[in-house]
Structures are given as C-alpha cells and as structure tokens.
There are 2 protein chains.
Amino acid sequence: MQPVYTAGAGMTKFGKDPRPLVEIFKEAAATAFDSSANDGIDAIYIGVMNAEEFTGNSNIASHIVDALGLAGTPALRVETASSAGAAALFAGFQAIASGYYRRVLVLAGEKMTHLNTSTTTRVLAEVIDSEERLCGATMPALAAMITEKYRRKYHLSQSRLENMLCAVAMKNHLNGVRNPLGQFHKAISRDDYFNSKFVATPLRLYDCAPITDGAAAVVLSAEETDVRISGIGQGTGPLSLRDRETFTSFPATRIAAARAYEMAGVAPNEIDFAEIHDAFTPFEIITTEDLGFFPAGKGGKAALDKKTAIDGLLPINPSGGLKARGHPVGASGLAQVVEVIKGLRGELPLKRAPRRGLTQSTGGLATNNFVTILERADAPKGKKRDLVAPIPRVVKPARKAARLRFAEEGVIETFTILYITPDGFLPPLALALIRDRQGDLLMAQGEDNAQLNIGQEVFLRRVDGIYLFTVKSQIQRVQDAFLKLFRRHQATNGDGDPS
Amino acid sequence: MQPVYTAGAGMTKFGKDPRPLVEIFKEAAATAFDSSANDGIDAIYIGVMNAEEFTGNSNIASHIVDALGLAGTPALRVETASSAGAAALFAGFQAIASGYYRRVLVLAGEKMTHLNTSTTTRVLAEVIDSEERLCGATMPALAAMITEKYRRKYHLSQSRLENMLCAVAMKNHLNGVRNPLGQFHKAISRDDYFNSKFVATPLRLYDCAPITDGAAAVVLSAEETDVRISGIGQGTGPLSLRDRETFTSFPATRIAAARAYEMAGVAPNEIDFAEIHDAFTPFEIITTEDLGFFPAGKGGKAALDKKTAIDGLLPINPSGGLKARGHPVGASGLAQVVEVIKGLRGELPLKRAPRRGLTQSTGGLATNNFVTILERADAPKGKKRDLVAPIPRVVKPARKAARLRFAEEGVIETFTILYITPDGFLPPLALALIRDRQGDLLMAQGEDNAQLNIGQEVFLRRVDGIYLFTVKSQIQRVQDAFLKLFRRHQATNGDGDPS
C-alpha cells in the first residue's frame with residue numbers, strides 16, 4: 001500500500017460565520033494550500049453532513065470545486081452523518097494509498113447557525129431511527145439515556161456522575177481558551193457547569209457541543225512529509241437504541257480502533273494524545289474506554305484525576321474538543337486531524353513531545369465511527385502485534401423488537417427528561433426505553449411528570465403509533481402481584497375459562 | 001495498483017416501488033449476493049443523491065447497513081448528484097485498489113416517486129446554480145438551452161434536430177422492451193414522440209428520463225473473476241451555464257474519459273458497447289461525441305443511421321438507458337455497470353460478443369461525471385498509448401459575470417420555453433441566457449411570449465434580483481441604430497455635454 005502523508009492543514013475560525021458554505025470551504029482550502037507546497041492537487045474529497053437541508057443546495061462537491069476556481073478537478077462528497085469529515089479523510093486516504101492519485105485535498109465543513117435551534121435539532125435528529133424520532137427523541141435525548149445506563153452499570157451516584165461530566169466540560173473549555181480558531185475561549189467554573197440548564201437529564205448545556213459554522217482542510221500526499229497516516233479504520237453499529245446489546249460502549253468505535261491499531265502496529269498505550277468526538281461529555285468518557293486508554297467504567301475517574309488534561313498523562317482534546325472548538329457537524333472529524341498534525345509538529349503545549357496522535361469521530365448516535373492514527377514521519381514504525389481485540393467482520397444486530405405486537409407492560413431500561421424538544425413537542429418531555437415482557441425494547445413517551453428510575457414497572461398504551469407509558473404506583477404493583485397469584489391458582493386448579 | 005474485479009451484480013425492478021428506500025436497497029444487495037460467492041464483505045460504499053429531502057432520513061449509510069443486518073461493517077455514502085452511483089463505484093474501486101479491503105459491496109439507489117412532480121423538480125433543481133434557479137430554471141430548462149445551442153452550432157434545422165432526438169428516444173425505448181428490470185417496456189413510434197408534450201422546448205416528454213425508484217448493487221473484489229475494471233475516471237465542470245466556455249461538449253466527461261482510456265490503455269474504437277447517461281436525449285448525442293465515439297456534431301447522425309442500435313456498430317444503452325430503464329438518480333450510474341457486466345457475460349443480444357464495455361454517468365448539469373471501462377478478464381490487456389486528449393489537471397472556469405453591475409441590453413445566447421415549472425412559477429416560462437454588452441452571460445426570464453431566437457437583441461431590467469428580458473422590436477432596433485449614430489456624431493463634433 002502506498003504510504004499516505006499529510007501536507008498542508010488548516011481550518012477557518014469556528015463559530016457563527018455569516019458567509020455562505022462555499023465561501024467557508026474556500027477559506028479552509030486556502031489555509032491548507034498556504035501551509036503546503038501548492039503544486040496542484042489531483043482531486044478533492046469533501047465531507048459535509050447535510051448541505052441539502054442546512055443550505056438548500058445539493059451537488060455540493062460541484063458547487064465547491066467551482067467556487068474554488070478548480071472546475072475540471074475531480075471532486076466528490078462523502079457522508080456518514082457527524083463523522084463526514086473523518087469519512088472524507090478515509091476516502092482520500094484510500095485514493096492515495098491505491099496509487100490512483102498522488103495528492104488530494106480533503107475538505108470538510110458545515111453551515112448551521114443561520115437556522116433556528118428547533119429546525120437545526122430536527123435536521124440533526126434525522127440521523128436517528130425514525131420510530132424513536134416519532135416519540136420526540138433527539139440526539140441529546142438518546143445520549144442522555146446512554147449516560148443514565150452508564151451511571152447505573154458502574155454504580156455511580158448521581159453526584160459522582162455529574163462531577164465526572166463536569167470535569168470533562170471544564171477541561172475542554174480550559175483547553176479551548178488556548179485555541180484561537182475555536183468557538184469558545186472562556187474557562188468555565190464548577191458553578192457555571194452546575195448552573196447551566198438541563199438539555200436532557202442528566203445532560204446540561206455544558207455537556208453538549210454547540211451549533212457552529214466552519215470548515216477544515218488537509219492535503220494528503222504520496223510524497224513523504226513530516227507526518228504520516230499510520231492507521232485508519234471505520235466501524236458501524238446498530239441504528240436504534242432498541243437494537244443495542246450494549247449501551248455503555250460503542251462497537252463502531254471498537255471496530256474502527258481495532259483496525260487502526262492493527263494497521264499502525266501500535267497499542268493504545270503508545271498513543272501520546274488524542275482528539276475525541278465529545279459532542280456529549282459522556283461520549284468522551286465512553287470513548288476513552290472503547291479506545292483502550294482506560295478500563296471500562298474508569299474513563300470518568302481518569303477525567304476527574306486530570307489524566308486527560310493537556311499536561312496530563314494522556315491529553316484528550318487539547319483543541320477544546322467539539323465542546324469548546326465548536327461542532328460544525330461535517331467539519332469536526334477533519335478539524336481533529338488538523339489539531340493532531342499541529343500537536344505532532346510541536347505547536348501544542350503538551351508535556352512531552354508527541355510522536356503519535358489519534359483522532360476518533362462519531363457519526364450519528366455512534367452508528368458510523370472512524371479512528372485515525374497519525375505519527376511523525378521520523379517516529380519508528382509500529383510492529384505487527386496481537387490485536388487489542390479481534391475485528392468483528394460482522395456484528396449481528398440484536399433481535400428487532402416485534403413492533404406489530406402490542407405491548408401492555410414493561411420495565412424502564414433507561415430514560416431522560418428532554419428540555420429542548422424538536423418542533424411539535426412541548427418540554428419537559430419524558431422519554432424512556434422500555435423492555436417489554438418478551439424482552440424486546442421499545443421507545444415510549446411519558447404521560448405525566450412522575451419521578452423515573454431504571455427498573456420501574458410501567459403500563460403502556462399505543463396512541464397514533466406512539467407508545468405512551470405511565471409508571472405503576474405501589475398499589476398497582478401489589479394488585480398485579482395478587483392478580484398473578486390468583487391466575488396461577490386458577491390455572492393450577494383447572495377452574496379457569498376453558499376457552 | 002491491486003486489480004479490481006466485479007463479482008455479483010444486480011438491481012431491483014426499476015419503476016414505482018412502494019417500499020421504503022432501505023428495503024429497496026436491501027433487495028438490491030440480495031441480488032448481488034445471490035449472483036456471487038457470498039463469503040462476506042469488508043465494507044459497503046453507498047451512492048444516493050438526496051435521501052435527506054426525498055425520504056426525510058439522513059445518516060443513510062448507517063440506516064442501510066443496519067437494515068441489511070450487517071451493523072458493524074464499515075459503510076459510507078458517496079454523493080455527486082445524479083452520478084452518485086458511479087461515484088460510489090469509484091470510491092469502492094479505490095478501496096480495493098489500495099489493498100485496504102479485499103471485497104466491498106457497492107450499492108446505489110433512490111426513492112422519488114412518492115413525492116409530487118413539482119416537489120421532485122424543486123429538489124432535483126438544487127443541483128444547479130442558485131442564481132439560475134431564481135429565474136425558475138430547472139434541469140430540463142438548462143438541458144434544453146444546451147440543445148438549442150447545439151442545433152445552432154451544427155447548423156441543424158429544427159426538424160433535423162427533432163429527428164435526431166426522436167431517433168435516440170425510439171432506440172432506447174425499443175431496447176427497454178427487452179429489459180425486464182426497466183421501467184418502460186413499450187416501443188414508441190415517431191407519432192408517439194412527436195405527439196408528446198414539450199417539457200422545455202425543444203425537449204419533449206420522450207426526451208427526458210422519468211422519475212423512478214430503484215437500486216443497484218455490484219460486489220467488487222480483489223480476487224480474479226470474469227470481469228475487471230480496467231479504466232475509471234472522474235471529471236468536473238463549471239456549475240452554471242453562465243460560466244461555460246462551451247455548451248455543446250462537457251469537459252467533465254472529456255476529463256473522466258481521458259483518464260479512463262489512459263488507464264485501460266484503449267482507444268474509443270476499442271469499446272464494444274456503452275451505457276450512457278441519457279437523462280435528456282441530446283446528452284446521449286453530445287456524450288457519444290465527448291467519448292470520442294463520433295466526431296463533434298456527428299453524434300445525432302450516428303443515431304439516425306442506427307449505428308448506436310443494439311445490433312449496430314456501437315450499441316449505446318442496450319438496457320434502454322435512463323430513458324426507458326428509468327432514472328432513480330442515485331442508482332443510474334451503478335445500474336449502467338450492472339448492464340455492462342451482463343453484456344460482457346453474453347447476456348445481451350449484441351451482434352458480436354463484446355470484450356469491453358463503457359459506462360458514462362453525469363452528475364448535475366454535467367458538473368460531475370464519471371467514465372468506467374469494464375472488460376472480460378480473458379480479454380488482452382490494453383497497452384499504454386497516446387492519449388485521445390491530454391488530461392487537463394485544472395480547467396479554469398470562464399470569467400464570472402459581474403453580477404453587481406446592472407446590464408440594460410444584451411443578445412440571446414440560447415433560450416427555452418419551459419412548460420413544467422417548479423413551485424411558484426407559471427408555465428409557459430421563457431428563459432434565456434443573455435450575453436450583455438461586456439460579453440458576460442446572465443440568466444433572464446422573458447416578460448412576454450414573444451417568438452425567441454438565438455442572436456436576438458433584448459432589453460433587460462432587474463426586479464427582485466431577477467433579470468427580465470423583452471425582445472427588441474424592429475422599430476426599436478432602428479431607433480437604437482439612429483441613436484448610436486447621433487451620439488457618435490455628437491462625440492466627433494465635441495458638442496456633447498461636457499460633464
């Protein structure tokens with residue numbers, strides 16, 4: 001395989017950018033050309049998540065190549081939801097690795113801030129399963145449900161979990177102060193964090209990446225430069241929460257990472273720093289576990305112990321992450337790569353000079369993820385070694401819930417109270433993943449504002465194709481128990497209705 | 001470069017398909033698996049143009065891999081407007097050629113028929129330049145303007161042109177009768193053609209590909225099979241008509257073809273049959289010229305002379321083409337490949353057993369095109385030879401029209417009367433590309449239903465950001481001439497206003 005190197009790399013200032021998307025892309029391209037010997041490129045690989053609905057233009061690759069004054073040059077768009085920037089890098093990597101092209105420009109960006117929040121929330125929610133969306137579920141709602149499962153699985157108290165999330169938010173905002181191209185440059189205090197509003201319990205505003213405009217650019221080259229891509233991998237995972245066997249780990253990351261580590265011939269402990277997709281603070285914690293940086297359930301403690309601080313053992317998101325750098329969805333996966341290149345070139349205040357950095361990008365609700373390992377060209381190459389974990393060629397999804405059957409009762413598997421709702425839903429909106437009597441999962445909307453807990457028993461009814469749930473009261477549960485006893489008695493004595 | 005072979009290939013029955021998009025994709029995948037040794041695939045490359053607006057779901061790659069029961073397997077979406085299927089094949093090709101994967105599934109499809117025609121027309125029109133769209137221009141409108149330029153450039157009478165277009169439409173519909181998976185199976189007569197309604201003069205309903213649902217699938221493999229991809233290339237071209245230096249030839253095709261021919265080491269006369277993007281019949285004619293099959297201006301005569309018939313010298317679109325097979329936009333570029341594989345396997349009634357077939361796919365208004373050459377693995381490999389034309393690394397777009405300056409007069413460069421208009425525009429709608437006094441091109445809407453001709457002088461005014469034109473009358477042109485004479489007289493005698 002032809003080795004692939006990075007030449008120029010750059011990005012626009014992330015934040016609210018009044019210019020049209022193609023102009024933002026144009027500036028990003030210029031930053032990458034400025035920092036590389038611009039002797040022409042063979043092709044352009046473009047990552048953008050949803051230019052169609054965010055900007056009203058499709059055929060975006062042609063729009064961009066035309067705006068760059070490069071009409072003629074091959075240009076194609078690659079998309080995997082919020083990891084589109086990493087996907088474009090991946091496709092560009094394969095284009096060079098094949099020997100088909102010698103030099104390609106990878107561009108990734110998004111324009112989002114011109115729309116109102118509920119429209120943006122609706123467009124972003126199109127990445128998730130349509131049945132879950134029917135209940136009013138959004139990306140933050142599902143991320144919150146995963147967080148609640150994580151808390152329960154690792155026996156964390158509410159306040160312990162909140163402290164962990166707060167530690168991630170504070171670290172990334174602190175790192176963001178140093179990043180001139182990021183959206184936010186303000187360190188936040190514990191009070192700032194705990195005073196911020198809930199988006200979807202237990203996630204607050206400071207747990208969620210903002211809405212942002214921006215673009216990033218990286219030139220890939222077959223000619224040797226100072227940085228090479230030594231490992232790259234992609235993985236997918238089940239679309240809906242209902243079909244997941246595990247909630248507190250993302251198979252899409254684990255598959256991508258196994259492939260990238262294998263290719264680079266390195267183990268997780270040989271990574272010096274990483275940029276991770278922290279669209280939600282708990283995802284940074286889970287991802288540091290999935291990448292093998294910390295054992296399962298220990299990622300939060302590592303953040304609390306400042307192991308992931310910029311001057312820590314393993315700096316995570318020195319750029320400020322999606323949290324503080326901002327999250328123009330299509331751009332983020334490539335902006336991470338720009339940051340890692342900076343780090344490898346000694347432009348970040350890391351404690352020790354890094355030889356190897358990693359980026360991890362998440363598409364949708366961890367349904368389409370990428371891991372990329374970059375290293376200094378003067379670093380010794382990794383050796384073929386045992387895999388951290390075998391790469392599953394195919395992950396069979398869990399059995400699909402039998403949706404035609406009508407479930408009447410179930411148990412709360414996880415839940416959230418959503419405060420920022422999509423168009424047509426009023427906050428606060430209680431949402432829960434319910435396990436029915438057959439063991440299938442379904443998404444349901446709460447009928448009232450009862451206190452919720454994992455393991456609670458609920459009644460279900462179906463209205464307009466949506467499941468609604470109410471928590472069983474103490475008395476109802478006692479009645480249920482008696483009824484069950486009575487039925488068993490009837491069955492045993494054979495005096496039931498013969499029909 | 002690792003050689004790339006095609007294994008399984010198949011497609012759904014194109015037409016009106018009531019199933020959701022992911023179900024259509026699922027069936028397409030099954031057809032490709034059925035016809036190949038299904039020993040697992042490493043990844044999926046998906047071509048779809050605009051699932052977002054056609055179906056309301058984004059993150060389509062994850063939706064599809066989940067629906068296939070293959071969650072875990074890497075899956076990414078590639079998009080270049082209406083050539084998305086060819087783009088997915090191209091990216092999948094590079095993935096295998098690089099040695100990164102050994103076996104990938106390429107899938108491409110679109111779901112369109114569930115929306116009304118004016119919504120579909122609007123969504124499809126998002127591929128074109130936004131300023132041209134403001135006037136009400138659609139894909140057929142711009143294709144019609146190109147056709148009128150072609151007629152004028154090659155000195156064709158109206159009826160000669162119409163006979164050429166009719167020949168292409170009749171040929172493709174006749175071929176479609178034999179294709180069980182196509183949308184239309186009815187041969188059309190000259191009367192059918194000439195009785196069909198105008199969509200945008202001179203293009204009639206039978207000159208335009210229909211709105212269709214469907215998907216295609218091809219398995220690519222590093223293991224040798226009976227068919228290999230011997231050449232593949234991509235090219236782009238200026239987005240808007242206003243920026244084009246040539247209207248009757250598509251640089252995007254010429255660039256893609258030059259690359260594909262060079263790679264395959266063959267000349268156009270070594271191609272035995274081809275599938276070409278005939279979204280509009282004149283595009284088939286222009287493309288057979290751009291591909292070097294016929295000299296410029298001779299593609300129409302070749303169709304009239306039945307050289308491109310299925311039993312002709314160079315069969316074009318034995319499948320029926322987009323015209324009769326149907327045009328689920330994202331799918332078409334890959335369905336062409338499925339057809340060429342069939343041909344190479346001897347499953348088409350071609351006159352002589354083909355060794356080599358070519359596919360050409362067009363994105364948008366020929367802004368993002370692909371050419372792929374497939375050959376029987378037992379055919380002798382092509383040799384490195386002189387290029388048909390040098391590959392331009394970069395095509396500089398023509399000078400952008402100075403849009404802030406207000407043009408008052410101009411000359412019609414080309415025009416159409418649009419009968420199927422997008423939402424908010426009433427038919428018949430006269431549209432013209434006007435060359436102003438400075439030589440810049442602009443798009444304008446006619447104020448009345450005057451008879452139009454290339455070269456006519458027009459007055460322009462600007463209302464709500466749109467140029468409106470009226471054709472100068474004979475008297476106005478005489479007045480103009482007198483006024484010009486008078487001004488020159490004033491200037492010569494120095495008795496003009498000194499300011």
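Predicted model: local features only at pLDDT ≥ 70, side-chain atom pairs only at ≥ 80, totals over all residues.
Helices here are DSSP runs of at least four residues, numbered from the N terminus.

**A salt bridge along a helix**

A:Glu339 and A:Lys342 form a salt bridge, with their closest N and O atoms 3.6 Å apart. Both sit in helix H14 (residues 332–344) of chain A, and because they are three residues apart there, about one helical turn separates them. Side chains of opposite charge can pair when their charged atoms come close. The cut-off for a salt bridge is 4 Å between a side-chain nitrogen of Lys or Arg and a carboxyl oxygen of Asp or Glu, so the 3.6 Å pair qualifies. By this rule, the count over all chains is 60 salt bridges.

**How the two chains sit together**

Two copies of a chain are related by a rotation about an axis and a shift along it. What rotation superposes chain B on chain A? The answer is 180 degrees, with 0.0 Å of shift along the axis and an RMSD of 0.1 Å. That is the relation of a two-fold axis. Within chain B, the residue that comes closest to the rotation axis is B:Ser98, whose C-alpha is at 1.7 Å.

The contact between the copies involves 72 residues of chain B and 72 residues of chain A. Since 100% of the interface residues of chain B are also interface residues in chain A, the copies meet through the same surface. Together the chains bury about 5300 Å², and 46% of that is on carbon and sulfur atoms.

On the polar side of things, 32 residue pairs are in polar contact between chain B and chain A, counting pairs with both residues at pLDDT 80 or more. Several elements of chain B give two or more residues to the side that touches chain A, among them helix H2 (51–55), strand S3 (75–79), helix H4 (84–97) and helix H10 (251–264). H4(B) gives the largest share, seven residues. By residue class, that side of chain B divides into 34 nonpolar, 24 polar and 14 charged.

Two salt bridges are counted between chain B and chain A. In one of them, the side chains of B:Arg77 and A:Glu79 meet at 2.8 Å, N to O.

**Strand pairs**

| Strand | Partner | Bridges | Residue pair |
|---|---|---|---|
| S12(A) | S15(A) | three | A:Glu409 and A:Phe459 |
| S15(A) | S16(A) | six | A:Phe459 and A:Thr470 |

S15(A) covers residues 457–463 and pairs with S12(A), residues 409–418, as well as with S16(A), residues 466–471. The hairpin of S15(A) and S16(A) has two residues between the strands, and A:Asp464 takes a positive phi near 50 degrees there.

Which peptide bond of chain A is cis, with omega near 0 degrees? The bond from A:Thr201 to A:Pro202 is, and A:Pro202 lies in the loop between strand S5 (198–200) and strand S6 (203–204) of chain A. In chain B, the bond from B:Thr201 to B:Pro202 is cis as well, with omega near 0 degrees. B:Pro202 is in the loop between strands S5 (198–200) and S6 (203–204) of chain B.

A:Lys306 is not a glycine, yet its phi is positive, about 65 degrees. That residue is in the loop between helix H12 (299–304) and helix H13 (321–325) of chain A.

How values were computed:
Residues numbered from 1 in each chain as written. Chains lettered and ligands numbered in written order. Heavy atoms only, no water. Contact = heavy atoms within 4.5 Å. Buried area = accessible area lost by both parts, 1.4 Å probe. Polar contact = N/O pair within 3.5 Å; in protein donor to acceptor, adjacent residues only side chain to side chain. Nonpolar A, V, L, I, M, F, W, Y, C, P; charged D, E, K, R; others polar. Least-squares fit on C-alpha atoms with pLDDT ≥ 70 in both. Pairing = 2+ DSSP bridges.
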